[in-house]
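Biologist: Please take me through this model, beginning with the terms you rely on.

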Amino acid sequence: TTATTRPRALVTGASTGIGAATVRGLRAAGWDVVATARRVERLEALAEETGCTWIAADLTVADDVTRLAAAVVEGGPLSAVVNNAGGAIGADPVATGSPEDWARMYEMNVLGTLRVTQALLPHLEADGGGDVLVVTSTAGHEPYPGGGGYTAAKHAERLIPLTLRQELVGRPVRIIEVAPGMVATEEFSLNRFAGDADRAAAVYAGVAEPLVADDVADVITWTLTRPAHVNIDLVIVRPRAQATSTLVARET
Ligand code: 8X3
């Protein structure tokens, strides 16, 4: 890599929410960005809007990740992988949560990040190094009632950056975790509650000002644009109205 090469990132979960905002943020900061998600129409619209490129992939399918990684490598040097794809299913207590839901959340959040990271690490280390960023959650730091399978998956997911940072110490790779709390995005809570708009809206009801996707994208862009010797290990970011997963100030 020469000093004049533009940095280039892969952003997963780019069709909406924090992922789409991160594509916009990095593009605004002058990066080349490859966006990936399952929904082609969303990726096409984002490419039209931001000038990013895109590759459709389902990160729960190993062959898709292999194909994605090959196309990313083909496209040139890579400065960062932003592992943002993930999500929650339901808010059942441990006593009644479905093992299938727990497995799906593990697949999406943990194994998706693992596959993408494994596939692209060698390429990140080439050409002077690069960054692995994982968007986890405050759910990866504190359990809460009804968090069950999601908090379990997010705790497991954050073991990927925590372990990698030890395994790769001294190598030209920065390992960054960004853990957002309450972020009002278009789809996170809607997906969690299987399209139940009332339940999704209740998550943010009365909260003075939840974070929005751009707030988190801004943090992500900041961590990636520090000088190469500066590794931002972890940023926990919540709205001012939130102290913990369950202690949230609401206007009633
Ligand atoms: C989302 C934060 O509190 O809904 O990752 O688990 S929370």
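Modeller: Axes are lines fitted to C-alpha atoms, for helices over the stretch in contact, and angles run from 0 to 180 degrees between N-to-C directions. Helices (H or I, at least four residues) and strands (E, at least two) are DSSP runs, numbered from the N terminus. The model is predicted: local features need pLDDT of at least 70 and side-chain atom pairs count only at pLDDT 80 or more, while totals for chains, interfaces and linings use all residues. Residues are numbered from 1 along each chain as its sequence is written.

Biologist: At what angle do helix α1 and helix α8 pack, and which class does that give?

Modeller: Helix α1 covers residues 17-28 and helix α8 covers residues 213-224. Their axes lie 8 Å apart, at an angle of about 50°. Angles under 35 degrees count as roughly parallel, over 145 as roughly antiparallel, 65 to 115 as roughly perpendicular and the rest as oblique. The angle therefore makes α1 oblique to α8.

Biologist: How many nonpolar, polar and charged residues are in the contact of α1 with α8?

Modeller: Two residues are in contact if their C-beta atoms, placed from the backbone, lie within 7 Å. Ile-18 and Leu-26 are among the α1 residues that meet α8, whose partners include Val-216 and Ile-220. Ala, Val, Leu, Ile, Met, Phe, Trp, Tyr, Cys and Pro count as nonpolar, Asp, Glu, Lys and Arg as charged, and the others, Gly among them, as polar. By class, the contact has eight nonpolar, four polar and three charged residues.

Biologist: How is α3 oriented relative to α4?

Modeller: Helix α3 (residues 62-74) packs with helix α4 (residues 99-125), their axes being 9 Å apart. The angle between these helices is about 25°, so α3 is roughly parallel to α4.

Biologist: How do the residues of the contact of α3 with α4 divide by class?

Modeller: From α3, Ala-62, Val-65, Thr-66, Ala-69, Val-72 and Val-73 take part. They meet Arg-115, Val-116, Ala-119, Leu-120 and His-123 in α4. The division is eight nonpolar, two polar and one charged.

Biologist: Which residues are around the ligand?

Modeller: A residue is near a molecule if its C-beta atom, placed from the backbone, lies within 6 Å of it. The shell divides into two nonpolar, five polar and no charged residues. Its members are Ser-137, Thr-138, Ala-139, Gly-147, Tyr-150, Gly-181 and Ser-245.
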